[in-house]
Amino acid sequence: MKHESNNKPRLLAMELTRRCRFNCRHCRADAGGVGRADELSMDQWTRILDSIAAYEKCVIILTGGEPLEREDIYDLIRHGRRLGLRMVMATCGYAIDDQSATALREAGIMALSFSLDGAGARTHDAFRRTPGAFDTVVKAAEAVRQVGMRFQINTTITRTNLAEVPQIAELAQRLGAYCWNPFVLVPTGRGEEIADELLEPRQYAELLADLLTLKTQSPIELRVTCGPQYARLYREAEARKPRTEGTPAAGARPAAFVAPNGCMGGRGFGFISYRGDVQTCGFLDLSAGNLVESGYDFAKVWDGSTFLNEIRDLSSYKDNCGRCAYVRVCGGCRARAYAVTGDYLGGDPICWYEPRGTP
Ligand code: SF4
Ligand code: SF4
């Protein structure tokens, strides 16, 4: 099946560096204090931004490692803005203070994200393997709030912090985040070492049901990330709501409301590694093509990659995902399938749903 032209990315993450002062247990990038010799230069990232902007004016997520470890970061942000790209950043927070928050806003960063993996210092610092990491994020959030920039909180959910989920959601709200992003662990990078922290299918099903309830009560946005089965549960819950003829479903959202999506990796979302490799996402460490080697031709790699077109072809999925009527809504996590079974087209190992075939 040929891929559709609506696969242009809406969000592209750029892994600017693998340097980081933290040493998180679940780090996808296996980041650390030492830089890599093959990390792309400012000039190379600039050319990559040029080729992306020529293809699609999407949102660029500057990530790492810690993107603020790059001294040239502000020039890169300004360059992206000049090209008409919307620049946001995922940061660990330790380099954020009043001065850097102001500088980021002035350079053109539109929003930031911080990670918080516990409702308090004990759990969060243990995840980050850095004493004081929790206080760092709290202070960074305050600095960002003071300069009037939006930020979201990301939380990787594992067996260790599962019980703290409601408190973390509350904390995100108290800190002033506009959105809380619970993320379901993918055991890749250093996360491989904590693969036993991956939720059981039953725990995962309960978690997603709880998040569905939390979403209706939360005064801030709640977006489940990399838990694609949430999109299926959401639609099932909407379908169960009572309807009166001629009126929208009870509790129906305003027209602008967008229902959650399943896995967007390789379609609306993409990732560019610190070496310039294009990937579906940072958790599926397989290259669709290298942007430096391709002469900085993002469109050629994104549209022409056999690997990406295979991921986009839902009819090639196997196991439970291959038989599932919800494959278009959910799609399963390709990275978890690959990490656990070695086949990125296989079934998502934490999915508890037993497909009954085509509806
Ligand atoms: S494969 Fe999809 S669901 Fe899984 S980590 Fe990547 S983007 Fe997220
Ligand atoms: S079987 Fe696959 S596509 Fe269906 S709900 Fe589970 S993970 Fe999603």
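Where is Gly65 found? Gly65 turns up in the loop between strand 2 and helix 2, and we'll come back to it below.

## Before we start

This is a predicted model, where local features need pLDDT of at least 70 and side-chain atom pairs count only at pLDDT 80 or more, while totals for chains, interfaces and linings use all residues. Residues are numbered from 1 along each chain as its sequence is written, chains are lettered from A and ligands numbered from 1 in the order in which they are written, and side-chain values use heavy atoms, with hydrogens and water left out.

## The sheet

Helices (H or I, at least four residues) and strands (E, at least two) are DSSP runs, numbered from the N terminus. Two strands pair if DSSP finds at least two bridges between them. Here, nine strands make an open sheet with mixed pairing, in the order 7-6-5-4-3-2-1-8-9. At the edges are strand 7 (221-222) and strand 9 (278-279), each pairing on one side only.

Have a look at strand 1 (residues 11-15): this strand pairs with strand 8 (residues 269-272) in the parallel sense, over four bridges. Met14 stands opposite Ile272 in strand 8.

## Helices lying across it

Helix 2 (residues 73-82) lies across strand 1, strand 2 (59-63) and strand 3 (86-90), and runs at about 145° to strand 3. Helix 7 (residues 201-217) lies across strand 5 (150-157), strand 6 (179-184) and strand 7, at about 170° to strand 6. For these, contact means heavy atoms within 4.5 Å; axes are lines fitted to C-alpha atoms, for helices over the stretch in contact, and angles run from 0 to 180 degrees between N-to-C directions.

## Two ligands

A residue counts as around a ligand if one of its heavy atoms lies within 4 Å of it. The residues around ligand 2 include Gln229, Arg232, Cys321, Asp348 and Tyr353. Helix 8 (229-240) and helix 11 (319-323) are the elements that give two or more residues to this shell.

Around ligand 1 you'll find Val186, Cys226, Cys263, Cys281, Phe283, Cys333, Arg334 and Ala335.

Most residues other than glycine have a negative phi, and most peptide bonds are trans. Gly64 and Gly65, though, are joined by a cis peptide bond, with omega about 20°.

Then there's Cys226, which isn't a glycine but has a positive phi of about 60°. Cys226 lies in the loop between strand 7 and helix 8, and it is also one of the residues around ligand 1.
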